[in-house]
Amino acid sequence: MINVPKGTKDVLPSDSCKWQALESAAREVARLYNANEIRTPAFEYTELFLRGVGDTTDIVNKEMYTFEDKGGRSITLKPEGTAGAVRSFIENNLAESLYQKVFYFTPVFRYERPQAGRLREHHQFGVEFFGSAEAGADAEVISLAHTFLNKIGISGLTLYINSIGCPTCRAEYNKALTAYLSKKSADLCPVCNDRITRNPLRVLDCKIPECKQALVGAPKIIDFLCADCGTHFGRLRQALQDFDIPYEINPDIVRGLDYYTRTVFEFVSNGIGAQGTVCGGGRYDNLVQSLGGKSTPACGFGMGLERLLLTLESLGKASCAPRGPDVYVATADSEGKAVQNAAVSLLRRNGISVETDRTGRGLKSQIARADKLEARRLLVLGATETSSGIYTVKNMSTGETAQSDFDRLPQTVKAE
Ligand code: ATP
Ligand code: MG
């Protein structure tokens with residue numbers, strides 16, 4: 001017996017309608033913002049993530065599925081969605097195209113300790129808006145997420161925003177943070193001690209409780225913003241107010257990826273336990289250039305669909321019913337069997353969903369099956385029908401019947 005790999009999950013046929021509902025709502029909302037779908041490969045050259053995500057992040061240090069392919073290239077399964085979208089944006093010169101706003105659904109692979117809301121393969125709905133440095137673009141990205149969450153019926157999430165400044169203000173902040181962390185060195189884990197000199201901001205994202213404790217009282221980046229970053233943050237707040245989107249400023253949010261500048265944000269659910277962040281994103285004005293493109297400001301988010309479904313479940317809103325077939329075509333005897341294929345294909349060519357018996361069940365048990373499947377109509381084929389040329393379609397909920405010749409079966413089924 002071979003099981004699903006640790007940290008992964010099947011989406012079963014009885015549940016896939018929940019995913020489809022999320023995806024179609026996401027597509028509709030993306031459309032409101034004139035964003036178009038982009039699909040990039042599930043794996044990329046490892047180099048992309050080393051440069052894009054940053055080599056002092058948890059993702060790159062501990063979580064990537066990296067392997068050498070048979071041609072000796074280092075390959076990594078996508079550990080997040082942005083780097084691939086940016087690589088494609090640059091490679092396909094989308095800066096010169098009409099497509100500056102993209103969205104995607106993607107599997108994401110991270111070697112993590114599996115627990116509720118934390119998987120080794122999860123799925124994200126992601127959005128990236130390229131080409132605008134204005135705070136209004138950040139607000140539109142946040143508004144897209146907010147509109148989508150509302151549309152699927154999720155309420156009670158908290159939107160946290162913060163600014164982590166630009167390289168200029170970060171240089172000042174890093175000095176203050178490094179000084180603070182150096183004094184706390186004995187309380188920090190070895191990885192964080194290493195980060196003090198390599199990338200002190202990353203210490204703020206450590207999940208180890210001792211490190212979190214040592215950070216109480218650390219200087220906050222929001223107090224170190226330069227004038228331009230301060231103005232940008234003020235404009236973001238105004239724009240969110242214009243959009244009527246409630247938010248809280250949370251100076252502790254820095255996000256787990258190196259590429260962010262200025263705005264960072266999270267939507268957090270308090271109904272699903274420790275892994276409460278369902279959506280995280282922000283601005284990344286230097287990423288396109290650092291991956292070899294022309295300097296292009298951008299912002300976006302990634303939303304964890306499994307955590308979203310957990311949230312919907314906690315609200316009692318995750319139900320969906322897969323639809324039964326429009327008609328069940330039963331066969332009473334060999335004469336009926338002889339016209340079964342012609343009947344089902346005629347119906348399906350006319351857009352009618354059909355279930356029929358392919359296991360040799362008796363008529364009674366076929367009818368029981370039709371009932372169980374919640375088929376809306378029943379059509380029985382047998383010698384009586386084939387010899388008279390009169391076919392009876394029964395409405396399974398009212399019990400009413402209608403008669404039809406063979407050729408008009410689609411119209412009769414639809415009318416019933
Ligand atoms: P966390 O702090 O929980 O590890 P993260 O900062 O690593 O999250 P992002 O890289 O911002 O997460 O990914 C965007 C979203 O994807 C998260 O907000 C979350 O909803 C979801 N997500 C991230 N990692 C996982 C995972 N291992 N399993 C399920 N969902 C995840
Ligand atoms: Mg993480």
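**Helix packing and the ligand shell**

Modeller: Helices H1 and H11 are roughly perpendicular to each other, and this holds for a predicted model.

Biologist: At what angle do H1 and H11 pack?

Modeller: Helix H1 covers residues 16–32 and helix H11 covers residues 305–314, and their axes lie 11 Å apart. Angles of 65 to 115 degrees count as roughly perpendicular, so the description of this pair as roughly perpendicular rests on an angle of about 110 degrees.

Biologist: How many charged residues are in the contact of H1 with H11?

Modeller: On the H1 side the contact is made by Lys18, Trp19 and Leu22, while H11 brings Leu305, Glu306, Leu308, Leu309, Leu312 and Glu313. Sorted by class, this contact has six nonpolar residues and no polar ones, and the number of charged residues is three.

Biologist: How far from an oxygen atom of ligand 1 does a polar side-chain atom of arginine 110 lie?

Modeller: Arg110 is among the residues that come nearest to ligand 1, together with Glu112, Leu119, Arg255 and Thr277. A polar contact requires a pair of N or O atoms within 3.5 Å, and for arginine 110 the distance to an oxygen atom of the ligand is 2.7 Å.

Biologist: Which element gives the largest share of the shell around ligand 1?

Modeller: The shell has three nonpolar, seven polar and six charged residues. Strands E6 (121–130), E10 (277–283) and E11 (298–304) are the elements that each give two or more residues to this shell. The largest share, four residues, comes from E10.

Notes. Residues are numbered from 1 along each chain as its sequence is written. Chains are lettered from A and ligands numbered from 1 in the order in which they are written. This is a predicted model: local features need pLDDT of at least 70, side-chain atom pairs count only at pLDDT 80 or more; totals for chains, interfaces and linings use all residues. Side-chain values use heavy atoms; hydrogens and water are left out. Axes are lines fitted to C-alpha atoms, for helices over the stretch in contact, and angles run from 0 to 180 degrees between N-to-C directions. Angles under 35 degrees count as roughly parallel, over 145 as roughly antiparallel, 65 to 115 as roughly perpendicular and the rest as oblique. Contact means heavy atoms within 4.5 Å. Ala, Val, Leu, Ile, Met, Phe, Trp, Tyr, Cys and Pro count as nonpolar, Asp, Glu, Lys and Arg as charged, and the others, Gly among them, as polar. A residue is near a molecule or strand if one of its heavy atoms lies within 4 Å of it. A polar contact is a pair of N or O atoms within 3.5 Å; within protein, one must be able to donate a hydrogen and the other to accept it, and residues adjacent in sequence count only if both atoms are side-chain atoms.
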